[in-house]
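Welcome, and please open the model in your viewer.

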Amino acid sequence: MTDNVQLFIDGAWVHASDGTTVDLVNPANNQVIGQVAVATDADIDWALHAAKSGFGIWRKTSAWDRAEILCKAARLIDDRKEDIALKLTAEQGKPIAEARGELSRCAETFEWCAAEAIRSYGRMYPQRRPSGRQMTIKEPVGPVAAFTPWNFPVVLSCRKLAAALGAGCSIILNPPNEAPSAVSDIIRALHDAGVPNGAIGQLTGNPAHLSERQVNAPEIAKVSLTGSVRVGKLLGQLAGAQLKPVTMELGGHAPVVVFSDADIERAAALTADFKYRNAGQVCLGVSRIFVQESAFDAFYAAFAKHVEALKVGDGMAPSTTMGPMTNESRVKAMEQIVDDAVKHGATVTHGGKRYEGGCFFEPTLIRDVPDNALLMTEEPFGPVTPIVSFTTYAEVLARANALPYGLAAYAFTNSLKIATDIANDFEAGWVGINEFSPALAEAPFCGFKDSGLGAEGGPEGFDAYLKIKFISQLAV
Ligand code: NAD
């Protein structure tokens, strides 16, 4: 049993005012492991009011003091890492080693944003009059409503919390109902480290209702979402009607292009490893693999070996290398995309089915999938991999860039010319050449096309929580 997940409002953990909860389920065995509070309108309004007064205190806290508090929170998260990782695996399903890795990236995100907080410089402009000064300063944008998905609930929440708090904003975090428990421990660490009451809040409940009420509320100055394109468009419309700035990190459908001159064994090993992490529920993850014709058979065979070696099971078992999917609806989605691929003439060579018990789906490998199958056009977000062949650079580039998504794209090649050309030609905000990388604290991540709006991470992501004020003054 994990802790029950309450609301965090004005420095206090509270039940929903009418006591309503929803079940928190362990996807490895479908057992109920806790209850999640469902905020009422009165709770949401209380959190909004608290975020406004918390902002008044936090924006006046010096950048050095804010940085110290964020560093202290990072240390607390590190100290509590093991407990939080266990909660994350219990509610989300990922192998415990991956949960620990996610927690390490949380602490480093707070440290990086703490350092950035004390570098939020303004600018002096060359003087126009002898006793005049003209300058810009950066100010926090105001209270933020932030929404995060269930695939990396902790680190993605930390990216928003760390940047918003570092910049001096207050923030109401809305973690996913499927995995809010580990995130609550991050909120606890921030509170214990000294973030004042109201400067952080946490709400759970009915997603559509929570977002509509907060985005429309006059207290909220900025909206930040990591989630699906569908929800991005919904929140974008709500925020647009209020002229509120948004940061949107949305879905993707990343191509991996393997040229025949690449080290094929290495490319297959790295791609398979990255693909099945978190049971394929990774926004930057591998969705479509294009292999140049002459290397196709060798790549397919090498990739298949890695699929066969995966150990599927409860993420708590140290030997597990792929856990369950996070909820039953994802298992059904996998069945649909596999059925559709087969109807389009594809051949399933590995996996293709659910397991009985928890939310498990077999690591799946499919060949001969036409580009118009669902698997090749809609984000699969699961352990199903299509591998198809291509002939020329021009052909594969057109196919790789054909979708409305532009989150991530990868290529493997030993040719400097191909590497340079494809890094320039990919229509994606995150490009990997001969390697994969998770999102980094210090680097901006900005989806192209339908995959996002604005940046998260790095100085650009930090600045998204700041506004610029121009000041002209004259000594009289
Ligand atoms: P989702 O869009 O369904 O939900 C994301 C968050 O939005 C949740 O907290 C949810 O409660 C909230 N939400 C607010 N208003 C909502 C509404 N009207 N309806 C539903 N939810 C609402 O996404 P998900 O299924 O939790 O996560 C998977 C998606 O997130 C995938 O598309 C994945 O690619 C994307 N993602 C993107 C990134 C990135 O950095 N670009 C990272 C991780 C996940």
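This is a predicted model: local features need pLDDT of at least 70, side-chain atom pairs count only at pLDDT 80 or more; totals for chains, interfaces and linings use all residues.

The structure holds 23 salt bridges, and we will visit some of them. Begin by selecting Glu-102 and Lys-94, which form a salt bridge whose closest N and O atoms are 2.4 Å apart. Are these residues buried or exposed? Glu-102 is buried, with a relative accessible area of 1%. Lys-94 is buried too, at 2% relative accessibility. Both values fall under the 20% cut-off for a buried residue.

**Stop two: a partly exposed pair**
Now select Asp-273 and Arg-277. Their side chains meet in a salt bridge, with 2.9 Å from N to O. Asp-273 has a relative accessible area of 43%, so it is partly exposed. Arg-277 is partly exposed as well, with a value of 34%.

**Stop three: a link across the sequence**
Next, pick Glu-427 and Lys-449, whose side chains are joined by a salt bridge of 2.9 Å, N to O. Which parts does this pair tie together? Glu-427 lies in the loop between helix 14 (416-425) and strand 19 (430-433), while Lys-449 belongs to strand 20 (residues 448-449), so the pair ties together parts that are 22 residues apart in sequence. Glu-427 is partly exposed at 37% relative accessibility, and Lys-449 is also partly exposed at 37%.

**Last stop: a network**
Finally, select Glu-328, Lys-332, Glu-335 and Arg-354 together. Salt bridges link these residues in a network.

How values were computed. Residues are numbered from 1 along each chain as its sequence is written. Side-chain values use heavy atoms; hydrogens and water are left out. A salt bridge is a side-chain nitrogen of Lys or Arg within 4 Å of a carboxyl oxygen of Asp or Glu. Buried means under 20% relative accessible area, exposed over 50%, partly exposed in between (1.4 Å probe, protein chains only). Helices (H or I, at least four residues) and strands (E, at least two) are DSSP runs, numbered from the N terminus.
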